[in-house]
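Me: I'd like to learn how to read a model like this one, feature by feature. Can you walk me through it?

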Amino acid sequence: GGYFWPGVVEGSITVGGKTINVKGTGGRQRYYARNYSQDEVGGWHDWHWFHFDEMHGCINEMKISNYKCMAMYMHEDGSYYPNGKLDIEHHDWALHTLLKALVPTRYKVTLENDAGALELTGDIIGTRVWASIKVPDSPFTMFDWGNVQGTFTYKDGRKKTLTNGSAGGLIRQWRPYPSP
């Protein structure tokens with residue numbers, strides 16, 4: 001389980017004595033697992049964030065239990081939608097040589113909530129592997145998305161093409177491919 005709180009962020013970051021003011025959007029995520037088996041967490045776990053000029057949010061899905069949660073913050077009116085219907089499709093699979101695992105290279109995501117429906121697509125353009133010294137027992141990698149496109153259809157039928165899309169996140173799998 002867990003929660004996602006997308007919202008507006010304002011403050012400063014100080015690195016090496018230099019302070020930089022920050023104003024924009026962000027998200028707080030908290031994940032807690034009580035008695036989850038490795039099979040559940042690693043059966044296939046998608047955990048991603050997305051951002052457009054008009055909205056941003058997070059998605060989380062574990063395939064074995066069909067556990068799904070999502071949250072979305074709409075910048076235009078400051079509306080926050082902490083839940084809804086989530087569908088994640090994986091397309092164009094490829095072998096990730098460091099993980100020795102098959103991973104999708106294209107995502108299509110649909111989020112539906114009380115405001116309407118978001119359709120989001122993106123290509124995987126880069127990965128960062130944790131524990132890459134050897135093939136991990138449960139493959140885990142972070143994805144950078146490119147070519148992120150989105151359309152939001154309001155409940156009244158109006159459609160809005162979203163701008164300046166970006167996304168990223170992680171996946172966890174049960175075991176490497178081919179399985180030992």
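Reply: The chain exposes about 10,100 Å², and 52% of that comes from carbon and sulfur atoms. Accessible areas here come from the Shrake-Rupley method with a 1.4 Å probe, and for residues only the protein chains shown count as cover. Some ground rules: this is a predicted model, where local features need pLDDT of at least 70, side-chain atom pairs count only at pLDDT 80 or more, and totals for chains, interfaces and linings use all residues. Residues are numbered from 1 along each chain as its sequence is written, and side-chain values use heavy atoms, with hydrogens and water left out.

Me: What share of the 180 residues counts as buried?

Reply: Buried means under 20% relative accessible area, exposed means over 50%, and partly exposed is in between (1.4 Å probe, protein chains only). In this chain, 41% of the 180 residues count as buried.

Me: How many helices and strands are there in the chain?

Reply: Both are DSSP runs numbered from the N terminus: helices are H or I with at least four residues, strands are E with at least two. Here you get one helix and twelve strands. Along the sequence the pattern reads β-β-α-β-β-β-β-β-β-β-β-β-β.

Me: And what percentage of contacts join residues at least 24 apart?

Reply: A contact means heavy atoms within 4.5 Å. Take the contacts between residues at least 6 apart in sequence: 54% of them join residues at least 24 apart.

Me: How do I read strand pairing, say for strand 12?

Reply: Two strands pair if DSSP finds at least two bridges between them. Strand 12 covers residues 166-172, and it pairs with strand 3 in the antiparallel sense over seven bridges. Within strand 12, Ile171 stands opposite Asp46. Strand 10 (residues 140-154) also runs antiparallel to strand 12, joined by five bridges; there, Met142 has Leu170 as its bridge partner.

Me: Is strand 12 mostly covered or mostly open?

Reply: Mostly covered: six of its seven residues are buried.

Me: Let's zoom in on His45. Where does His45 lie, and is His45 buried or exposed?

Reply: His45 lies in strand 3 (residues 45-51). With a relative accessible area of 0%, His45 is buried. Leaving aside neighbours within four places in sequence, His45 is in contact with Asn60, Glu61, Met62, Leu170, Ile171 and Arg172.

Me: Which side chain makes a polar contact with the side chain of His45?

Reply: A polar contact is a pair of N or O atoms within 3.5 Å; within protein, one must be able to donate a hydrogen and the other to accept it, and residues adjacent in sequence count only if both atoms are side-chain atoms. For His45 the partner is the side chain of Asn60, at 2.6 Å.

Me: Now charges. How many salt bridges does the structure hold?

Reply: The criterion is a side-chain nitrogen of Lys or Arg within 4 Å of a carboxyl oxygen of Asp or Glu. The structure holds five. One of them joins the side chains of Arg106 and Asp123 (2.4 Å, N to O). That pair links distant parts of the chain: Arg106 is in strand 8 and Asp123 in strand 9 (residues 116-129), 17 residues apart. Arg106 is partly exposed at 25% relative accessible area, and Asp123 is partly exposed at 23%.

Me: Which residues make the nonpolar surface patch?

Reply: Patches are made of residues with over 30% relative accessible area and no salt bridge: like charges are joined within 9 Å, nonpolar side chains (Val, Leu, Ile, Met, Phe, Trp, Tyr) within 5 Å. Trp93, Leu95 and Leu102 make a nonpolar one of about 290 Å². Leu102 is in strand 8 (residues 101-113) and is partly exposed, at 33% relative accessibility.

Me: Last one: how do I read backbone phi?

Reply: Most residues other than glycine have a negative phi. Asp92, in strand 7 (residues 85-96), has a positive phi of about 55° although it is not a glycine. Asn147, in strand 10, also has a positive phi, near 50°.
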